Amino acid sequence: MGINQPTARLSITASVNNFASKTYKMKHKLLFIVFNLFICTFIIAQEDSSKKNRLDFAKTYFEIGGTYLPSFTGKLLENNTITTFNHSATLNSYLTWGAFHFWGHTEFYVTFPLSQLNLNKKNRVSHELSHKVSTGVRIYPWAMKERKIRPYIGANWGAIDFKQVLKPDENQSRLSKDFMLNYDAGVIYNYKKLALRLGINYFTDNKWQYPLSKTLLSEIRTPRVSLQIGLLYSFDSTKDTSEENIEEWNSYPTVSKLSYNANKFGDFFIAAGPSISFSLSKSEHNTIQFPYLQQKLTSKNYLDITLGYHFIKANLFTALSFRNPSFETEGFGSKQTIKKTSLALEINKFLTDYSGFAPYVGLNVAYDRFNYEQNIDGIKTQKTVTNKIEPGVTLGWDIVPGKTNEAIILRTNLRWYPFSKFNVNGRKFNFSQLEYNLIQVVFYPERLLKKRKK
C-alpha cells in the first residue's frame, strides 16, 4: 500500500498522545501494585513473628537462568509499501542478585541481562529485545522450606529496549519502555543451598509505535509472555557472626528504632553501587525535531559513589553522592548523546527498623552539568553545556541485621528530580529523572576498626 505523508504525520501525533496516556496510567498502576505487595508481605510475616529470629529474616542468593520469548511479527518499509515478516524466537540469559526476606515469605531481587540468542539465524532480518537491569518483589503465601515446592506471584519494573535490525543499513531506531511494570508467577523448589525456579512473565505493554522511516510509524507487538527457568544458590551472610552477636541481635524487638541500644553519636561511611536513570518526561525538542528517536531516555549503567555520615542517635544520615550517567538514542543517521555529571547533597531520616529492614526518606539538592551533543549523518550539528541546581526527593532502605554494629551493609535508594530540564535551540528538553541505585555496598571504616580491636 502507498504512504500518504499527511496521514503519516497524523499517525505520529496520535501515537505520541496515546503513549503519554498509557505512561500516566502505568505510573499509578505501579504505585498501587507496590503498595499492595508490601501490605500483603507485612500481614503474612506477622504470623508467629514472635517465634522468628532476627537473623533468619533474610538470606542472600545468586541466580543464573534464561527466558524464552516466542516469535512475533515485524514490519518494514519496502518500495513505499509496508510488508510483514516473522522475527525469530529468542533465548535471553540473565544473572540475578537477590534475597529472601520476611522469613521466606518475600523475595527482593535485581536482574542483569547477559545475552540474547536468536533461534532462527537464517532470517535476513533480526531484532534486539533486551530487558535492561530490572528489580522486583515476589510474594510466597507459604514460606520457603527445604524439599518443598512453593508458588509465588510478583511484580517487577525496569526498562525494555526494542530495535529491528534490517540489513544492510542496520540504522533503525532503538526504542525503550522506561520503568515499565510487569508481572510474574511460578514455583520454586529448594534443596539445601540450591533451588530451581520455573516461571512465567507477563508484560503489561507489548505495543510499540515503531518508526519504519523518519516520517512513518507502525504498530509492532512483541510477545506478551516469556517462560523462565533459573538455578539459584543461596547463603546466609550472618553465619560468620560471633555467637555473642547472634544472641544480642536476635534479642532486638521486631519493630524498633535503628538506634535501639546504640550509645555512639555517629560514624562516617563510604558507599558504591550500580545504578540506572530513567527520564520520566518527553522532550519538546525531540517531539518536534526527532519524532523517530526515543522520546524518554534510559541511561547506561553507571556507578553511584557516596561519602557520608550516619548520625546514629538521631536516626538520620547525610551524604554527598557523585553520579555520571550517559544517555544515547539514535536511528536513521541521527544520534543524540547526553552526559550528565551530578553531585548531590542529601539528608535522609530512617523511619523504623523492621527486623533488619530499615526504610528511609529524605530531601536532596544536586548540582548538575548536562553535555548535549547532536549528530546527523556523522556531522555534529549541535552541542550545548548547561549547569543547573536541581532539588530532589530520596526514598530507600537499608538491610541491617546488626543495626548500627555492622561494618558493611546493603542499601537501595531512588532519587527523583521532577524539575530537571535544559534548553536546546530555545526548546525545552524535559529531563525529569528517576535515579535508581540498585544495590549499594556501604562500608563503615570505624566499625571495622572497633571490631578488630576486640
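**Aromatic contacts in the model**

Tyr252 is buried, with a relative accessible area of 6%, where buried stands for under 20%, exposed for over 50% and partly exposed for the range in between (1.4 Å probe, protein chains only). The model is predicted, so local features need pLDDT of at least 70 and side-chain atom pairs count only at pLDDT 80 or more, whereas totals for chains, interfaces and linings use all residues. Residues are numbered from 1 along each chain as its sequence is written, and side-chain values use heavy atoms, with hydrogens and water left out.

The structure holds 26 aromatic pairs, a pair being two rings of Phe, Tyr or Trp (its six-membered ring) with centres within 6.5 Å, called stacked for planes under 30 degrees apart, edge-to-face for over 60 and tilted for the rest. In the pair of Tyr140 and Tyr152, the ring centres are 5.5 Å apart and the planes stand at 50°, so this pair is tilted. Because Tyr140 lies in the loop between strand 6 (125–139) and strand 7 (149–166), while Tyr152 belongs to strand 7, the pair ties together parts that are 12 residues apart in sequence; strands here are DSSP runs (E, at least two residues), numbered from the N terminus. Both Tyr140 and Tyr152 are buried.

Tyr252, for its part, forms an edge-to-face pair with Tyr260, at 5.7 Å centre to centre and 80° between the planes. Tyr260 counts as partly exposed, at 37% relative accessibility, whereas Tyr252 is buried.

Elsewhere, ring pairs link Phe269, Phe317, Phe350, Tyr360 and Tyr444 into a cluster. Over the face of Phe269 lies Arg411, at 5.1 Å from the ring centre, and the charged end of Lys177 sits over the ring of Trp208, 4.4 Å from its centre; such a placement requires NZ of Lys or CZ of Arg within 6 Å of the ring centre and within 35 degrees of the ring normal.

Technical notes: Helix = DSSP H or I, 4+ residues; strand = E, 2+ residues; numbered from the N terminus.
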